[in-house]
Amino acid sequence: MNLVRATRAELDKIFSTRLWWILALVMFVYVGSVAGILAGVFGSLDTSADPTAPVLDMSEIHLIIYSSASAIGYVFPVLLGALSATSEFRHQTLTPTFLANPRRGQVLGAKLIAMAVVGALYGVIALISSIGPGALILSLVGQDARLDDGNTWILVVRVILAMALWAAIGVALGTLVPNQVAVLVIVLAFTQFLEPILRSVSFIWEWTAQVGQFLPGSASDALVGWSVFTSLGMMTTETVALEWWQGGLVLAAIAAVAAILGYVTTWKKDVT
Amino acid sequence: MAAATTIDVSQLSKAFGPVQAVSDLTFTVEPGQVTGFLGPNGAGKTTTLRMLLGLVRPSSGSATFGGVGYHDLEQPLAMVGTALEASSFHPGRTARAHLRIYATAAAIDAGRVDRVLTQVGLAEHADRRVGGYSLGMRQRLGLAFALLGDPRVLVLDEPINGLDPEGIRWIRGFLRELAAEGRTVLVSSHLLSEVQQSVDRAVIISRGRLVYDGTLAGLEMSAKVAVDAPDRAALLSALLAAGARVDPTDAGLIVKDIPAADIGAIAQRAGVPLSLLAAQQAGLEAAFLELTSDEPPPRVGAHAAPPVEGAQS
């Protein structure tokens, strides 16, 4: 199978340079810190003693903490995917790539599949990092880590799926914007600044909330089911939320549209 | 390695926007010999090679391997080995990983990776990151990539650039060896002197057009000779009668495409004593320069250019 070979070659590309584990390491530390802090803060909140404390459904607090694997960590598979695509342009490795396999659509498909696999791996790493410190600190402050909760394991599977889709979105973005610096700026500015603002603002009115749930970050949180952004009662309007599978479809559609646009605008162009 | 294959370029043209990079290029490269693909920088060599390799889409015409385009090759790397500019590497990847990735993608046996690394003399540096390689080592790695599939056809773009004298001697011998094994070898260069010791034939282009296609010996013939006699009129008529192309100048007659010895013989037969007989420019390099520089520079811009496209259609 040509696609299998092409995918194996793309996986080898990812694992034969250092970027994948450097980003994974940063993600591990970042997600672990956030999950640990959330567990420490919310785990020690005593809602009965302090009437001004936000009303929290403490039965789901462990899920909110564990979901930071994707709610906080999703930017890392996007970055890895985008940088792996742009490095092909930057280092002119599209030349040997297309010489070895002139079927460019197949190469792009293999890249998306390979990166989704690595995105799933990132999901596992991020989950270890959110559940590890999260569960430990919940236990230390006297809460139940709820590792026996079926929802915990539903969340695990959905986080892995979300991280795989995010990695594919990264590849698609990288082909659409082949300039490495530009794509870095776009990814960071959108995920860390623009989208959080848009999501907060979209909850003000009903119709903006309807649109806002299709923002990639909202769709991702819908797919996972719990998120520090949506489940903490900050958004008091009646939140319209997508079903988990609808959230997954929105992410997949974003990846597909961006990949098709990238294929048409850069991937099939002359390699000079 | 399977049966021999030609490279067939037919009426190949490529325009990048308003710039005509390659115009109506036709030539054939035969197996069993080294063919030089020559022309000054910017003549369209790399564009031509990239069209041959399916990396750049021709505006018109075709470039194939015995009639099969690169996209339609069963196993591209096993048919055609390619070394383009020496910069198509991820600097953070080792040479071994670089080759292994493309061997995987092209369904080439993984054992070939070590073989070609040894063949080009990089075996002991195989696990170093390519970012630390010298230009010469990158050239060798480029060549290793070309040899990966044990191909019948080799297309090498400026493979001698950046090599040290020892490396140049090595690659010359290597090219001859590959051709002697019956492979088709096409080597581009902007310097004739770089390849004249290793090529059998030359395809020369200038400003995207073919200006010479033939043997190196034939190329030397195309040099100019200055000749003069006290009776210049008699000499001129003798040369014209012999079918020579002659340019009369103040300093004497300039004869094209006839070796000096033949001109002397023509004069003797006509009984015209000569006062001057000199090959005006010496050797291949001069002929090459003559071929690639005697056209006027192309005019740029809509106002200056004649309506070529309308005339062609």
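Predicted model: local features only at pLDDT ≥ 70, side-chain atom pairs only at ≥ 80, totals over all residues.
Reader: How do you know how much confidence the predictor places in chain A?
Author: By pLDDT, the predictor's confidence on a scale from 0 to 100. The mean pLDDT of chain A is 90, and 91% of its residues reach 70 or more. Among its elements, helix α5 (residues 75-90) of chain A has the highest mean, 97, and helix α10 (residues 206-212) of chain A the lowest, 83.

Reader: What makes the pattern of chain A a run of helices?
Author: The count of elements. Read along the sequence, the pattern is α-α-α-α-α-α-α-α-α-α-α-α. Chain B, in contrast to this listing, has 12 helices and 13 strands.

Reader: Why is the radius of gyration of chain A said to agree with a compact globule?
Author: Because a compact globule of 272 residues would have a radius near 19 Å, and chain A has 20 Å. The C-alpha atoms of chain A fill a box of roughly 70 × 40 × 30 Å along the principal axes.

Reader: Which residues of chain A does UniProt list as "transmembrane region", and what is the chain like there?
Author: The unreviewed UniProt entry lists residues 20-43, 63-83, 112-141, 153-174, 181-198 and 244-264 of chain A. In the model, residues 112-141 of chain A are 97% helix and 0% strand, with end C-alpha atoms 42 Å apart. Residues 181-198 of chain A are 100% helix and 0% strand, and there the end C-alpha atoms are 24 Å apart.

Reader: Why is helix α11 of chain A called largely enclosed?
Author: Nine of the nine residues of helix α11 (residues 216-224) of chain A are buried, so the helix is largely enclosed by the rest of the structure. To count as buried, a residue needs 20 or more other C-beta atoms within 10 Å of its own. The buried residues are P216(A), G217(A), S218(A), A219(A), S220(A), D221(A), A222(A), L223(A) and V224(A). Their cover includes α4 (68-71), α8 (150-176), α9 (180-202), α10 and α12 (244-267) of chain A. After α11(A) comes G225(A), with a positive phi near 105°.

Reader: What makes helix α1 of chain B mostly covered?
Author: The same cut-off of 20 applies, and eight of the eight residues of helix α1 (residues 45-52) of chain B are buried. They are K45(B), T46(B), T47(B), T48(B), L49(B), R50(B), M51(B) and L52(B). Just after α1(B), G54(B) has a positive phi of about 75°.

Reader: Why is M79(B) called partly exposed?
Author: M79(B) has 19 other C-beta atoms within 10 Å. Burial begins at 20 and exposure at 12 or fewer, so a count in between is partly exposed. M79(B) is found in helix α2 (residues 76-79) of chain B. Leaving aside neighbours within four places in sequence, M79(B) is in contact with F65(B), L73(B), P151(B), R152(B) and V153(B). The C-alpha atoms of M79(B) and L154(B) are separated by 8.6 Å, though the two are 75 residues apart along the chain.

Reader: Which residues touch the most other members of the largest nonpolar core?
Author: In that core of 154 residues they are A162(A), M163(A), A167(A), A168(A), I169(A), A144(B) and L148(B). Beyond four places in sequence, A168(A) touches G81(A), L112(A), M115(A), A116(A), G119(A) and A255(A). Another core lies apart, of 13 residues, among them A229(B), L235(B), A267(B) and V272(B).

Reader: What share of each chain counts as buried?
Author: In chain A, 49% of the 272 residues; in chain B, 42% of the 313 residues.

Key: Residues numbered from 1 in each chain as written. Chains lettered and ligands numbered in written order. Helix = DSSP H or I, 4+ residues; strand = E, 2+ residues; numbered from the N terminus. Rg over C-alpha atoms; globule rule 2.2 N^0.38 Å. Core = buried A, V, L, I, M, F, W, Y, C linked by C-beta atoms within 7 Å. Contact = placed C-beta atoms within 7 Å. UniProt positions renumbered as here; feature names shortened; annotations may be inferred.
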